[in-house]
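Let's take a walk through a protein model together.

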Amino acid sequence: MKHFLLLIILLLPNLVVATEDEVSRLYLSEIMYHRMLDNNFDAITRYLYTTEKNELELNANNQAYIASIYLNYDLHSQVKSMLDYLIKNDSPLIRDTSWFYLGKLHYKNKRIKSAVDTFSKIEGKLSPEEQEIKHIMYGVMAINDGRYDTAVDELNKVGTASVFAPFINYNIAIARMKKGNDTVALAETLTKLAEGQKKGTALSYIFADQIYTTLGYVLLQNKEYEKAKQYFRKVTLDGHLATRALQGMIYTLSEQHEYAKALNLSLQLIKMTIGNEAIHHAYIVIPYILQRLDDTEKAMAFYQHAVEYFGQQRVELKNYMNKTRRGDFDQYLLDIEKIMNVNDWVEDDEMARLFRFVSTLDEWRDAVYKYNEMKYLQKRLDDSFYELVIIEADVQAENRARYKKSLDDIASNKKRVQASIKWHQQYARHFVVKALNDQYDDVTDYLGQARFALAQFYDREEQRAKQLEIDKLRQQEEQKKQQAEAAAEPVRKKQK
Amino acid sequence: MFKRVYKQLLLWILVVVPASVAMANEKEKQAVIDQTIKLETLRVVKDAAQLVEDVGYPEISRMKIYLSHGAGKYFGISKVTVQLDGADRASYEYNDKQRQALLRGASNRVYIGSVSEGIHELVVVFEGVDRKRNIIKKARTWLFDKYPGEFIAVLNVSDDEGALRPAFDFKIIKGEK
């Protein structure tokens, strides 16, 4: 029977026996699987595991690929040494790929000059994908430097079929707009792009909102108010750019002297977020305009309202600062899911208002990202610990020391991870408090302005009242004079 | 009144500004610490995984099965189920992103276990969609003879251009007699 089965095995057409180096290729393709799913952690652990067992033979090109995984996982120190080694390779292709990743490393670290210098060392041609990324990086660097023509040239070098096409078209349009080119035509291009994006994923909606908001502000700057309003209206109301769009709308309406509408929107905005510049601005600008339109009574009432509003804001901001310091908001403020799914965040409570305030601050997002990265490491250490606990009974004498060392390593590393989590938690809090404090200072300035304007009003009103009193007295004097004259007239006539 | 303002300003310069600078410096220091922590955690998790594999699935009986998806003209995988000698051993579902990764040349480990030396029957059920987006299931059976030592095999989905249909192969990479 056994021989019969063996015969079947030998005759099976689809069963192929492979060679040894295929094991290495298989392990590399497994690393690729994790990398392609953005799971850099598992990609690197698989790499470490297979190299230690001598089961992975990497050519220089694959070494550069591994370096790119380390780079994506922000392990810069490791990447630098890997690439420094690879740029000495004999193959021009390997050297170029390594220069490319080294340039990317500089770019990621915002060392723009070093990035450009490194890219210039590439002698031959990169792979199409690397070439695309290089052009995009050059384009974005040029926009930041204000070299808009170069930016457009670089970005145009990327093919239209690229997966980055929407991002590239967006940046081309922005570069041309910043240069002062025809905004209307570009606005149409961007609108088409945004509409196309809206058919896609949640992230595409965020991108579409970004396009609309940017367009709104560019058109506002160009004094094309009606068009600006059209774009601000297109922004998703529960999206994270909703407050920015409303803010733009308020500025536009103020420019158009439609103060009642601007005020209504300001009141809407107050409910959505705290410490918003547009609202503060509206509270100062609106009474000023009313005053100039000679609607003194309304202007005064508005200044009075502004003083109360800024006072309340100061109290509220202090309250937010204290609660943030105490960690009352940590549960929400450090939740990366909330940032990722910002469009689902539609509540209107205290927390939602604070979240809308901080969600646009890059530094805070960075702090939350780092915090969650450490949380992930903690989870991975916990998982490893439980896996070890499960196999404890099966561990033989020869593996006992290894087992103990593994548990000790997990415990000591967990302590360091926890310390880092605490640090990032403190930093995120510190940053939010700092941002709130800046707002507090701004509000204090606005309060001063409102009080000053109100005081001037009172002074003026007092002077006006005094003047009225004087005028009244003068009138009375005049009347008395006239009456006296009228009374004296018959006597005078008699005497004559 | 001015005295109070100056006092506050001085306090701000003395306390707030250095605090912000100190925080920025600490942030840089923490970034270096985080790099070390990440590297160490990677090593520790890798060591633990290695130990779990060595203890849980000793090399002499260890068996690993991977899935690769060479081309996807006639079939797009959504689920794979592995049966060994009549018993369900593993099942894995693929979303779009995972399928795309496979189509771009990556491989996924669908099974790791301990299997004795000798002849075994492997039944794999591939679920997915065909060219017309119809959901289809294809089952394939293979027999193999395992040698003492690690056994590694790959299930490969590809296109059979001649027959205009998908092809399912079983390729032994390591450990066959």
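This is a predicted model: local features need pLDDT of at least 70, side-chain atom pairs count only at pLDDT 80 or more; totals for chains, interfaces and linings use all residues.

Chain A has an average pLDDT of 81, and 85% of its residues score at least 70. One stretch deserves a bit of caution: residues 1-19 of chain A have a pLDDT below 50. Even there, the model shows 21 contacts beyond near neighbours in sequence.

## Where the two chains touch

Now find the place where chain A meets chain B. Chain A brings 51 residues to this contact and chain B brings 50 residues. On the chain A side, the elements giving two or more residues include helix 1 (2-11), strand 1 (15-17), helix 2 (21-36) and helix 22 (400-495).

Which helix of chain A gives the largest share of that side? That would be helix 22 of chain A, with twelve residues. If you sort the residues on the chain A side by class, you get 30 nonpolar, eleven polar and ten charged.

## A pair of helices in chain A

Next, look for helix 15 (residues 259-272) and helix 16 (residues 277-292) of chain A. Their axes are 10 Å apart, and the helices pack at an angle of about 150°. Because angles over 145 degrees count as roughly antiparallel, helix 15 of chain A is roughly antiparallel to helix 16 of chain A. The crossing of these two helices is left-handed.

Who does the touching? From helix 15 of chain A, the residues include A:Y259, A:L263 and A:S266; from helix 16 of chain A, they include A:A278, A:A282 and A:I289. By class, this helix contact has ten nonpolar residues, one polar residue and no charged ones.

## The sheet in chain B

Over in chain B, four strands make an open sheet in the order 3-2-5-6, with antiparallel pairing. Strand 3 and strand 6 (135-146) of chain B sit at the edges, each pairing on one side only. From one strand to the next, the twist averages 20°.

Start with strand 2 (residues 76-84) and strand 3 (residues 87-93) of chain B, which run antiparallel and are joined by six bridges.

Conventions. Residues are numbered from 1 along each chain as its sequence is written. Chains are lettered from A and ligands numbered from 1 in the order in which they are written. Two residues are in contact if their C-beta atoms, placed from the backbone, lie within 7 Å. Ala, Val, Leu, Ile, Met, Phe, Trp, Tyr, Cys and Pro count as nonpolar, Asp, Glu, Lys and Arg as charged, and the others, Gly among them, as polar. Two strands pair if DSSP finds at least two bridges between them. pLDDT is the predictor's confidence in each residue, from 0 to 100. Axes are lines fitted to C-alpha atoms, for helices over the stretch in contact, and angles run from 0 to 180 degrees between N-to-C directions. Angles under 35 degrees count as roughly parallel, over 145 as roughly antiparallel, 65 to 115 as roughly perpendicular and the rest as oblique. A crossing is left-handed if the near helix is turned anticlockwise from the far one by less than a right angle, and right-handed if clockwise.
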